[in-house]
Amino acid sequence: MATARPTINEGFSLTPIGTCRLSAPIRLSASDYGLVANRKRVYGYSHSIPEAVQQVRFLQQEYRPDPAIWHVISGGNLSEKIAEIHGPSDIYLVELSSRKQISVDGHAIQLNYLKSSYSSFFEDRERNISFWRAAESGDSAALRALLRSVQGAVGLKADDVHLLTRIRLSFSNDDEFIEGLDEIRSRLGDPIVVTHVDAVNHLGKKLDQRSACIAQVEMAAATLGLSVF
């Protein structure tokens with residue numbers, strides 16, 4: 001005898017803002033439960049609180065990306081996304097899985113899109129470490145020197161060097177998580193907050209940075225009275 005599915009209001013809509021861990025199950029199971037996966041103007045995956053806030057502003061047509069850096073913000077088509085209209089969903093799920101804030105001139109960019117766009121540059125471990133050290137310290141001269149030293153070897157154009165030189169890295173603090181989630185709540189109503197998985201490595205040890213991020217997200221959600229999973 002088949003197991004009955006839970007009763008859910010037909011047409012109940014959900015919008016996921018986060019990674020594939022959140023959006024893929026919703027996309028794959030929505031039709032089975034009579035749900036609507038509302039991804040209008042959701043331009044891609046996000047990990048950090050600045051990325052989530054930027055995505056929510058874009059849903060409400062209050063953020064317009066710079067086309068020159070779109071490829072490190074999204075894997076989608078900018079013109080198509082701008083043309084879409086986002087109707088409000090019944091529930092918004094916001095996944096926050098990283099403390100890393102990566103930006104270019106104030107625009108939040110996405111690490112996976114960045115690395116896929118410049119895979120030849122980032123594949124070298126030592127070069128990768130040097131790049132992020134300079135990006136965190138804001139040392140444009142060091143970034144420019146590093147990029148130009150390998151520009152031809154890794155196929156970087158002048159525009160690529162100009163963009164990568166302007167990348168900055170920082171890490172979200174408690175106040176930034178609270179302020180970001182508070183803005184999202186003011187724009188969307190109370191979202192359901194989702195953390196990363198507090199997994200362990202092959203030695204059975206938790207990942208320190210991930211556990212710290214989860215604790216910050218849980219703290220921010222509790223401060224604002226939001227549900228967190």
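Arg57, Glu62, Glu183 and Arg187 are joined in a network of salt bridges, a salt bridge being a side-chain nitrogen of Lys or Arg within 4 Å of a carboxyl oxygen of Asp or Glu. The model is a predicted one, in which local features need pLDDT of at least 70, side-chain atom pairs count only at pLDDT 80 or more, and totals for chains, interfaces and linings use all residues. Residues are numbered from 1 along each chain as its sequence is written, and side-chain values use heavy atoms, with hydrogens and water left out.

**Salt bridges**

- Across the whole structure, a search finds 10 salt bridges.
- One of them pairs the side chains of arginine 57 and glutamate 183, with an N to O distance of 2.7 Å.
- Because arginine 57 belongs to helix H2 and glutamate 183 to helix H9 (residues 174–188), this pair ties together parts that are 126 residues apart in sequence; helices (H or I, at least four residues) and strands (E, at least two) are DSSP runs, numbered from the N terminus.
- Arginine 57 has a relative accessible area of 32% and is therefore partly exposed; buried means under 20% relative accessible area, exposed over 50%, and partly exposed in between (1.4 Å probe, protein chains only).
- Lysine 81 forms a salt bridge with glutamate 84, their closest N and O atoms lying 3.1 Å apart, and lysine 81 is buried, at 15% relative accessibility.
- In the salt bridge between lysine 205 and aspartate 208, the closest N and O atoms are 3.2 Å apart. Aspartate 208 is exposed at 54%, whereas lysine 205 is partly exposed at 44%.

**Histidine 47**

- The loop between strand E2 (36–37) and helix H2 (49–59) holds histidine 47.
- Histidine 47 counts as buried because its relative accessibility is 19%.
- Its side chain makes a polar contact of 2.3 Å with the side chain of glutamine 110. A polar contact is a pair of N or O atoms within 3.5 Å; within protein, one must be able to donate a hydrogen and the other to accept it, and residues adjacent in sequence count only if both atoms are side-chain atoms.
- Leaving aside residues up to four places away in sequence, histidine 47 is in contact (heavy atoms within 4.5 Å) with Thr19, Glu95, Leu96, Ser97, Ser98, Gln110 and Asn112.

**Helix H8**

- Asp160, Val161, Leu163, Leu164 and Thr165 are buried in helix H8 (residues 158–165).
- The elements covering these buried residues include strands E4 (100–104) and E6 (167–171), together with helices H4 (111–117), H6 (125–137) and H7 (140–150).
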